[in-house]
Amino acid sequence: MPLSNSDNERERWNRKYSQDCGAALRAPDPFLESAFAEFIRPLFPHGGRALDLAGGAGRHAIWLAQQGWEVTLIDISETGIERARQSAGPLASHIRFVVDDLTRFQASQTEFEARFDVVMAFFYLERSIFSEMLKAVRGGGLLVYKTHLKSQGQRLKNPAHLLEPGELLRMAEGLRILHYREGDGKAALVAGKVDDEANCQFLANA
């Protein structure tokens with residue numbers, strides 16, 4: 001029986017995480033560090049709960065756990081999740097590891113709905129679930145997002161998972177845009193979901 005698209009994706013990423021031992025699987029993207037310093041830590045100085053979508057081998061989830069956060073990491077690859085668990089070491093108790101196909105992600109599932117202070121995704125684009133991602137951000141929380149633009153298509157295997165210029169801004173309509181940049185073939189965004197006066201004041205001054 002032919003493999004489904006999800007099975008093909010799982011196999012592809014399992015192979016990648018089995019073969020790739022480079023630093024790129026361990027070091028957080030610099031954008032997360034800068035977003036944390038400028039937006040996340042001032043809003044949540046005592047930590048909080050984060051959702052890392054398509055987080056792979058856990059480089060971002062582990063880094064946030066090091067900052068005192070509780071993180072739920074979801075990825076389609078069992079190999080990536082197992083590498084994340086091993087790399088986390090003692091921090092694994094602060095990370096919930098979930099193997100799942102994100103094309104079926106629904107924020108209305110009890111454990112995800114409007115629960116997270118930060119929802120983040122790096123180099124992952126599944127348009128059909130973007131609105132569900134936004135629902136997983138609690139009022140007063142932040143979306144941190146970075147992925148490739150279509151200009152990178154010749155270097156990536158699936159151009160359907162590449163953003164059009166300006167598309168990320170349109171997808172985040174209704175959130176308060178705190179940071180947005182397109183450059184070097186990538187788009188990066190920090191946006192807030194405001195629901196109370198204190199957070200509104202913070203975002204207004206950010």
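Two strands are said to pair if DSSP finds at least two bridges between them. Helices (H or I, at least four residues) and strands (E, at least two) are themselves DSSP runs, numbered from the N terminus.

## About this model

Welcome to the structure above. This is a predicted model, in which local features need pLDDT of at least 70 and side-chain atom pairs count only at pLDDT 80 or more, while totals for chains, interfaces and linings use all residues. Residues are numbered from 1 along each chain as its sequence is written, and side-chain values use heavy atoms, with hydrogens and water left out.

The predictor's confidence in each residue is its pLDDT, from 0 to 100. The protein averages 85 on this scale, and 80% of the residues score at least 70. Confidence is highest in helix H2 (residues 30-43), at a mean of 98, and lowest in helix H7 (residues 197-205), at 50.

## Strands side by side

Strand S6 (residues 176-183) runs antiparallel to S7, and seven bridges join them. One of the bridged pairs is Gly183 with Lys186 in S7. S6 and S7 form a hairpin with two residues between them, and Asp184 in the turn has a positive phi of about 55°.

S7 also pairs with S5 in the antiparallel sense, over seven bridges. Here Tyr145 has Leu189 in S7 as its bridge partner. Six of the seven residues of S7 are buried (under 20% relative accessible area; exposed is over 50%, partly exposed in between; 1.4 Å probe, protein chains only).

## Two nonpolar cores

A nonpolar core is a set of buried Ala, Val, Leu, Ile, Met, Phe, Trp, Tyr and Cys residues joined through side-chain atoms within 4.5 Å. In soluble globular proteins, nonpolar side chains tend to be buried together. The largest core here has 31 residues, and those with the most contacts inside it are Leu51, Leu53, Phe105, Leu143 and Tyr145. At least two residues each come from strand S1 (49-53), strand S4 (116-122), helix H5 (130-136), strand S5 (137-148), helix H6 (167-171) and strand S7 (186-192). H5 gives the largest share, four residues.

What does Leu51 touch, not counting residues up to four places away in sequence? Its contacts (heavy atoms within 4.5 Å) are Thr72, Ile74, Phe105, Phe112, Phe116, Val118, Val119, Met120 and Ala136. A second, separate core of 30 residues includes Phe31, Phe44, Trp63 and Trp69.

## Aromatic pairs

Rings of Phe, Tyr and Trp (its six-membered ring) pair if their centres lie within 6.5 Å; planes under 30 degrees apart count as stacked, over 60 as edge-to-face and the rest as tilted. The structure holds four such pairs. Phe36 and Trp63 have ring centres 5.2 Å apart and planes at 90°, so their pair is edge-to-face. It links distant parts of the chain, with Phe36 in helix H2 and Trp63 in helix H3, 27 residues apart. Phe36 is buried at 4% relative accessible area, and Trp63 is buried at 13%.

Phe130 and Tyr145 form another edge-to-face pair, 5.5 Å centre to centre with 65° between the planes. Phe130 belongs to helix H5 and Tyr145 to strand S5, 15 residues apart. Both Phe130 and Tyr145 are buried.

## Buried polar side chains

His60 lies in helix H3 (residues 59-66). Because its relative accessibility is 3%, His60 counts as buried. A polar atom of its side chain lies 3.1 Å from the backbone nitrogen of Asp29. Beyond residues up to four places away in sequence, His60 touches Pro28, Asp29, Leu32, Asp52, Met120 and Phe122.

Glu167, in helix H6, is buried too, with a relative accessible area of 11%. The side chain of Glu167 reaches the backbone nitrogen of Glu164 at 2.8 Å. Leaving aside neighbours within four places in sequence, Glu167 is in contact with Arg127 and Leu162.

## Positive phi in loops

Most residues other than glycine have a negative phi, and most peptide bonds are trans. Ala54, in the loop between S1 and H3, has a positive phi near 55°. Ala54 counts as buried, at 19% relative accessibility. Phe123 has a positive phi of about 55° although it is not a glycine. Phe123 is found in the loop between S4 and H5, where it counts as partly exposed at 27% relative accessibility.

Methods. Polar contact = N/O pair within 3.5 Å; in protein donor to acceptor, adjacent residues only side chain to side chain.
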